[in-house]
Amino acid sequence: MHLHFALRRQRQLCIRASHLIQLIDSERHQRERYHSTLADLAHSLKTPLAVIHTELANRQHPLINEQIQRMDDIITHQLQRAVVARPHQLFDAVIVKNCVDRLANAMRKVYADKDLEIDSDINEQILFKGDQRDLMEVLGNLIDNACKAASSKVAVQAHNIASGLTIEIHDDGPGIPESARESLIKRGHRADTRYAGQGIGLDVAHDIIESYRGKMDISQSFLGGALITVRFPQVNQTHDQ
């Protein structure tokens with residue numbers, strides 16, 4: 001009788017486990033369909049917006065051009081959020097220095113007219129455990145913002161502390177008032193109330209960082225401008241050599 005009861009109990013547990021797996025699979029597929037639809041919609045809107053922007057480029061319609069740019073920013077943001085929602089493969093070990101160096105070289109070309117000094121002081125042993133595309137997107141947006149705001153210099157640093165990986169992006173621009181820092185990185189903050197250099201890329205970076213259970217803070221840099229600090233949890237920790 002005890003054996004019969006044990007077998008019956010085991011079958012019930014198997015059935016429940018099967019139902020749970022089906023529920024998880026259904027939820028995952030539904031989430032993937034939602035994000036695919038969102039990405040398709042955003043992609044389909046980008047082309048006509050680009051055509052409209054080109055047609056108006058040589059005409060004096062500043063207000064319309066501004067609104068088109070805002071729409072394009074929103075679409076770009078939603079496309080990135082669709083990408084962020086995919087499951088992370090936390091087994092990749094990405095060398096942070098390589099990503100920063102690639103981005104710094106690109107930014108020197110983009111902002112050649114400003115003749116910016118972009119310094120990076122990062123040990124080659126510091127790793128990010130996650131998707132390289134995510135790290136490039138975060139750093140790309142934040143370094144780009146820093147270059148926009150900077151007068152002459154941007155500095156990127158990365159190091160390990162007890163709680164995990166920390167990355168700092170400094171600039172010597174006008175900085176961000178302390179009273180505005182917290183609201184600036186909140187989800188949904190209006191793009192037209194941003195401070196110098198802090199475009200929609202800050203929202204994109206914030207979404208990705210949150211998806212890794214990380215945090216982003218704004219403070220004052222030793223260069224005199226803004227300091228954006230990104231903290232990833234201990235799962236990303238490595239050891240400085």
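## Salt bridges and a nonpolar core

With a relative accessibility of 40%, E117 counts as partly exposed, a label for values between buried (under 20% relative accessible area) and exposed (over 50%), using a 1.4 Å probe and protein chains only. This is a predicted model, in which local features need pLDDT of at least 70, side-chain atom pairs count only at pLDDT 80 or more, and totals for chains, interfaces and linings use all residues. Residues are numbered from 1 along each chain as its sequence is written, and side-chain values use heavy atoms, leaving out hydrogens and water.

Let's follow E117 to its partner. It forms a salt bridge with K153, with the closest N and O atoms 4.0 Å apart; the term stands for a side-chain nitrogen of Lys or Arg within 4 Å of a carboxyl oxygen of Asp or Glu. K153 also forms a salt bridge with D119, at 3.4 Å. Together, E117, D119 and K153 are linked in a network of salt bridges.

Next, look for R231 and D217, whose side chains meet in a salt bridge of 2.3 Å, N to O. This pair joins distant parts of the chain, 14 residues apart.

Now turn to the inside. The largest nonpolar core has 44 residues, and V96, L139, L142 and I167 have the most contacts inside it. Such a core is a set of buried Ala, Val, Leu, Ile, Met, Phe, Trp, Tyr and Cys residues joined through side-chain atoms within 4.5 Å. In soluble globular proteins, nonpolar side chains tend to be buried together. Beyond its neighbours within four places in sequence, I167 is in contact (heavy atoms within 4.5 Å) with residues including V96, L135 and L139.

Terms used:
Helices (H or I, at least four residues) and strands (E, at least two) are DSSP runs, numbered from the N terminus.
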